[in-house]
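Please read them with the coordinates open.

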Amino acid sequence: MSEKKKKDDLPESKRKKKSRGKKKQVSEIEVEIVEESILDGSSSPEETVIAEGIFKDLMPKLDILPEHLGIISVQHRPLFPHMVIPLVVEGELYQKTIKYAQQKEPGYVGIVLGTSKFDASKPKVSDLHKVGVVARIAKVFSQNEDSSQLLLDVLDRIRIVDDVSTKPPLMVAKVEYIEQEEVEINDEIRAFSREILSNMKELINLNPLIKEELNQFVSQISLDDPSRLADFAATLTSAEKSELQSILETVPIVNRLQKTLFLIKKELDLSRLQADISQRIEDRISEHQREFFLKEQLKEIRKELGLSKDEKTQEIEKLKKRASKLKFSNEARERFDEEMDKIALLDVQSPEFNVSRTYLDWITSLPWGIFSKDNLDIDKAEKILNVDHYGLEDIKERILEFIATLKLKKQVSGTILCFLGPPGVGKTSIGKSIARALNRKFYRFSVGGMRDEAEIKGHRRTYIGAMPGKFVQALKLTKYSNPVIMLDEIDKIGNSYHGDPASALLEVLDPEQNIAFADHYLDVPFDLSKVLFITTANQLDTIPPALLDRMEVLRLSGYITREKLKIATRYLIPKQRKETGLTAKRFSISEAAIREIVDGYAREAGVRNLENLIRKICRKVARKIVSGDSQKKFHIGVKQLKEYLKNPVYEEDEVLAEGKPGVVTGLAWTSLGGAILPVEATKMLAGRKGFKQTGQLGDVMVESSEIAYSYVVSNAAEFKGKADFFKKYFIHLHVPAGATPKDGPSAGITMATALYSLMLGKPVISKLGMTGELTITGEVLPIGGLKEKIIAARRAGLKRIVIPTQNKKDFIELPDHLKENLEVHYAKTFPDVFKFAFPDS
């Protein structure tokens, strides 16, 4: 049957009108060029569009289009008619669709944009937009089971009428072809077309990358084909796929031109903005480049005229000028000259130049031979110390002795002081006062937790980012070779695989060695013998013996109530008034209120918590004043304390539990100062002998309790006790505050007295405290920390104290205000303790 007969037998719906216009003849060379650019992937989307004219002549359309089409979904942008475009199709499903289309030559497929519901793993025709395009498979460049490279000739719009898929997931749809009706080119269409072309030409100027391709298209396109113009212009934009789909679905030419013009104007505005941003950046870069070149030219001109020097020359002259003011040691002068000769030969951009320059900067920043003038006026120094601190007479006396020695000898002898005491007693602040009294610079740094030896002696210069140690840094900051340097928290210094900082300190704090202290970074000796070193610690147990041996320990014990009253009145209240903006006329605290704060809220050894409580009161008063309180003067008495500080932390009955058999108050020393240590003993009728201790006691304290128990059991008859008491009763000894670890031998006589009190059923004399180590034979041995324990006893309101006879000399040396109104008894053996604790027995 002839082809003409076949066409006549087809229904009207399957016929397609012949394309209008005359076909243009294309040479074989042009075909090969475009085909090669598509095959090697070098063609741009615009080149693909321009290739349309060439391939339209190569592949004349058949008049017959199928009613059923295999559908290929696209997800990013819809395709438009009159396009020739290469398309990579991936997925086994779409390879079947291509084979389905190729069953009849030349092979037609529907290209439709998927909706947001479309799932590539479960494709459905119902999840596609209704309007798409029909495309002829012009050529298949490569094909396998998973992907194909196609050259598509997009023909016309189609509308999906029905889903006729018989072999899911293969998508086949019944379609109808949307014909573009011929319209008369009126003034409105011509105006729209010209405006689109005008905007496209402007877009060409803003986007030079597509200039050649667009120029070719614009020169070939005719205003008599507005449909093709609208579709092509839409493809040039970077609009959203929904906007492009809307243009594809718009058939009336005027509406389509209007929508396309809107998109092309948006694209033009975006390109203008992009061009403006690019221009601004280029202008800025050009300006910077211009400034750079002008500055470089100015440098060269100045150099030629001798008005300026290059960077290296300036750096060398600056270092030489610094060095001329210093009194280098022979080793330092030699090293300085070596490094100066080295950088003179190095390029400025060389990394070694920067290393040497940094080293020379450090070595010339140190105060070689520069000393501050010491204040040798003892009276003036004493006045400064008294103004800054109340009490601490032994510390002040030691500083005055140091000044006297300095005045006579004219040079500092090796002196390293260690201030030992609980927190808040003024160890750091007294260091600052010493520096002020001596007219020296003060530098403080904490060694608590320090684990790296390099913090003390510096890093080797071979390391990146190497720096000198803390002592060299202190000298650079103070600008003098004889400052006062304080090492805080020396009892908390650590060690690790980086080294042992405590061992590194031995060289620094040894007067025989620090005359030639060698920092690893400097690598030349520096004299630290003129430096006054002060260290602070809460306890001596954790300080290495070799380090402790190099220090003179001065104890700062805690303060009693009377001292705290003076300190609060003279220092703390004026200081906090100033910090909160209050005045003496507007705010004051009575002496009774201060005493109540000390007794009820701040019984610790130091005054730091006392200062915090006074600060709290000042803040609350300041808040009231700012809030508009009409009260003209705020005078804080005892009655007002609860309003500002709530209820007291300590109550009187918490201090002592008196009048009960088996309860005795001991005295203890801790790293936070002195403290009272109640000891309780009770009995349980068990018909057998037994003894246990509780209260988180350490090994030494457990042994001390066992010694006390053995001594009391073996000597019960001597002290009028019942012979069978300890055979019938199980004894339990407890030291309250069970969450706090306790250790030490000084509670021995306290435990023995508690056991005797329990055995006799008699309480000890009132307001009694005691401390002393007990031996198995009843000897009372001396203890340490007597001053702290006496202070704790006074704070607790004790009136009678029992201490070992061998501590009598220590008690005599205590200040008079600590000893007054205290009834002290010295005990050589335990019977001395018993007689004083039980006077009626």
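1. One definition is needed at the start: a crossing of two helices is called right-handed if the near helix is turned clockwise from the far one by less than a right angle, and left-handed if it is turned anticlockwise. With that in hand, helix 28 passes helix 32 in a right-handed crossing. Everything in this note refers to a predicted model.

2. On the chain as a whole, the secondary structure comes to 32 helices and 24 strands. The chain has 841 residues, of which 45% count as buried. Among the contacts with a separation of 6 or more, 75% are accounted for by residues 24 or more positions apart.

3. Two packed helices are described by the angle between their axes and the distance between the axes. For helix 28 (residues 748-760) and helix 32 (residues 830-837), the axes cross at roughly 55 degrees and come within 11 Å.

4. Which residues bring helix 28 and helix 32 together? From helix 28 the contact takes I749, A752, T753, Y756 and L760, and these meet F830, V833, F834 and A837 of helix 32. Sorted by class, the contact of helix 28 with helix 32 holds eight nonpolar residues and one polar residue, with no charged residues.

5. The second pair is helix 14 (residues 378-388) with helix 15 (residues 393-409), whose axes lie 10 Å apart and which pack at an angle of about 155 degrees. Angles over 145 degrees count as roughly antiparallel, and that is why helix 14 and helix 15 are described as roughly antiparallel to each other. Helix 14 also passes helix 15 in a right-handed crossing. The contact is made by I378, A381, E382, L385 and N386 on the helix 14 side, and by K396, I399, L400, I403 and A404 on the helix 15 side. These residues divide into seven nonpolar, one polar and two charged.

6. T237 sits in the loop between helix 8 (226-236) and helix 9 (241-249). Is T237 buried or exposed? Its relative accessibility is 4%, and T237 therefore counts as buried, the cut-off for buried being under 20%. The side chain of T237 reaches the backbone oxygen of A234 at 2.8 Å. When its neighbours within four places in sequence are left aside, T237 is in contact with R77, L244, L263, I264 and E267.

7. S704, by comparison of setting, has its place in helix 26 (residues 699-714). S704 counts as buried because its relative accessibility is 6%. Leaving aside neighbours within four places in sequence, the contacts of S704 are with P745, A747, G748 and M751.

8. L798 is found in the loop between helix 29 (786-796) and strand 23 (800-804), and at 3% relative accessibility L798 counts as buried. L798 and I676 are 122 residues apart in sequence, while their C-alpha atoms are 9.8 Å apart in space. E315 belongs to helix 11 (residues 311-324), and with 14% relative accessibility E315 also counts as buried. E315 and R357 are 42 residues apart along the chain, and their C-alpha atoms are separated by 8.3 Å.

9. Most residues other than glycine have a negative phi. N439, which is not a glycine, has a positive phi of about 60 degrees; N439 lies in the loop between helix 16 (427-438) and strand 8 (442-446), and N439 is partly exposed, with a relative accessible area of 46%. K646 likewise has a positive phi, near 65 degrees, and K646 lies in the loop between helix 24 (641-645) and helix 25 (652-655). K646 is exposed, with a relative accessible area of 57%.

Technical notes
Residues numbered from 1 in each chain as written. Predicted model: local features only at pLDDT ≥ 70, side-chain atom pairs only at ≥ 80, totals over all residues. Heavy atoms only, no water. Helix = DSSP H or I, 4+ residues; strand = E, 2+ residues; numbered from the N terminus. Buried < 20%, exposed > 50% of the residue type's maximum accessible area, 1.4 Å probe, protein only. Polar contact = N/O pair within 3.5 Å; in protein donor to acceptor, adjacent residues only side chain to side chain. Contact = heavy atoms within 4.5 Å. Axes fitted to C-alpha atoms, helices over the stretch in contact; angles between N-to-C directions. Nonpolar A, V, L, I, M, F, W, Y, C, P; charged D, E, K, R; others polar. Parallel < 35°, antiparallel > 145°, perpendicular 65-115°, else oblique.
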